[in-house]
Amino acid sequence: MFIDTHAHIHQHDPNEIPGIVERAVGAGVGAIITAGVTVEDSEKALSVAEKYPQVFAGVGLHPADLAAPLTPDDLAHLSRLALSPRVVVMSEIGIDHQRQSPDKGWQEAAFQEQIEVARQHNLAIVFHIREQGDDYDAHSARDTALSILKETSAGELGGTAHYFQGRWSYASQLIDLGFHISFAKTLTRIPDLEETAIKTPLDRILVETDAYPQPFKKERSKWTEPRDITGVAEKLAALRGTTIHEIQKATTTNALTMLGNRSSIVGAVLESFRSGAQSGEI
Ligand SMILES: [Zn+2]
């Protein structure tokens, strides 16, 4: 089965979550990593992960959601949450240079400090890098993120550039540091991503949906959900001249490799689908 390595399904109305998980399982998505974007939101991600066997949590502060510099209290709080075995990555962290984004100094410190929390708990990092206007040739956020990843030797922790946006020349530098490249539905509509999708080594590709509530889409059925992973995998298979089955096998193996010492709990859930022992709630 597939692993949706990055989503925010805990942000949906609690009544919606059982249906989202059920539809994911129906589409062959056996595990979903739901990522927090603030301290409170990370708590919420964990509480949903504690309720559904197929859901695991990421904890972290998204750079676009920083309302102030991170405090020692925030870091201690994240560190406490990271002790839960249901937390499998430090996410969502990163650098965001959109026009409205918070102070760059806060973002850089928060990224470094959260990489340190990840190191204390031996967690892989799942990070966001965004340039102003999503410019594929801009390099301010990309250069900042890359130098922090290098300075902190974050490649030792493993992780992924989630919702990858950019050129192959940038992706290849992240791969050299030891990271994976994660593709989302954007791959099905942005030709600029295709070169990276073709050239990324098979053992470094991940898939995700980044699913979160999308009330701006009129029809509820059009909201992105973890079940939409299949569309991303289909596109990857077509671009790489392989089958969706091969993409599934590779990306699930890669995700488990990325999760390192936290992978066994996720692997056990996937295994339970094979043995038919799946149940609804924990
Ligand atoms: Zn996200």
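In this predicted model, the crossing of helices H3 and H4 is right-handed. Helix H3 covers residues 72-81 and helix H4 covers residues 104-121; their axes come within 10 Å and cross at roughly 30°. On the H3 side the contact is made by Leu 75, Leu 78 and Ser 79, and on the H4 side by Glu 113, Gln 114, Val 117 and Gln 120.

Leu 70 is found in the loop between E3 and H3, and it counts as buried because 20 other C-beta atoms lie within 10 Å. Beyond its sequence neighbours up to four places away, Leu 70 touches Leu 61, Leu 75, Ala 109, Ala 110 and Glu 113. Two of these partners, Leu 75 and Glu 113, also take part in the contact between H3 and H4. Trp 106 is 36 residues from Leu 70 in sequence, yet the two C-alpha atoms are 7.4 Å apart in space.

Helix H2 can be checked for its length and followed into its surroundings. At 1.5 Å a residue, the 13 residues of H2 (residues 39-51) should span 18 Å, and the end C-alpha atoms are 19 Å apart, so the two values agree. The buried residues of H2 are Val 39, Asp 41, Ser 42, Ala 45, Leu 46, Val 48 and Ala 49. These buried residues pack against helix H1 (17-26), strand E2 (29-35), strand E3 (55-59), H3 and E4.

What does Ile 125 touch, leaving out residues up to four places away in sequence? The partners of Ile 125 are Val 89, Met 90, Ser 91, Ile 93, Ile 115, Ala 118, Ala 154, Leu 157 and Gly 159.

Most residues other than glycine have a negative phi, and most peptide bonds are trans. The peptide bond from Ser 91 to Glu 92, however, is cis, with omega near 20°. Glu 92 lies in strand E4, and Ser 91 is one of the residues touched by Ile 125. A positive phi of about 55° is found at Asp 134, although it is not a glycine. Asp 134 belongs to the loop between strand E5 (124-130) and helix H5 (140-151), and it counts as exposed because it has 12 C-beta neighbours inside 10 Å. Ser 153, likewise not a glycine, has a positive phi of about 50°. Ser 153 sits in the loop between H5 and strand E6 (159-161); with 12 C-beta neighbours inside 10 Å, Ser 153 counts as exposed.

With 10 C-beta neighbours inside 10 Å, Gly 133 counts as exposed. Gly 133 and Arg 99 are 34 residues apart along the chain, and their C-alpha atoms are separated by 7.9 Å.

Thr 186 lies in the loop between strand E7 (180-183) and helix H7 (194-199). Is Thr 186 buried or partly exposed? Thr 186 is partly exposed, because 15 other C-beta atoms lie within 10 Å. Setting aside residues up to four places away in sequence, Thr 186 touches Tyr 163 and Leu 193. Its C-alpha atom is separated by 8.9 Å from that of Phe 164, 22 residues away along the chain.

Tyr 212 is found in the loop between strand E8 (205-207) and helix H8 (229-240). With 17 C-beta neighbours inside 10 Å, Tyr 212 counts as partly exposed. Leaving aside neighbours within four places in sequence, Tyr 212 is in contact with His 8 and Gln 11. Ile 190, by contrast, is 22 residues from Tyr 212 in sequence and 20 Å away in space, C-alpha to C-alpha.

Note on methods:
Residues are numbered from 1 along each chain as its sequence is written. This is a predicted model: local features need pLDDT of at least 70, side-chain atom pairs count only at pLDDT 80 or more; totals for chains, interfaces and linings use all residues. Axes are lines fitted to C-alpha atoms, for helices over the stretch in contact, and angles run from 0 to 180 degrees between N-to-C directions. Helices (H or I, at least four residues) and strands (E, at least two) are DSSP runs, numbered from the N terminus. A crossing is left-handed if the near helix is turned anticlockwise from the far one by less than a right angle, and right-handed if clockwise. Two residues are in contact if their C-beta atoms, placed from the backbone, lie within 7 Å. The expected span of a helix is 1.5 Å times one less than its number of residues.
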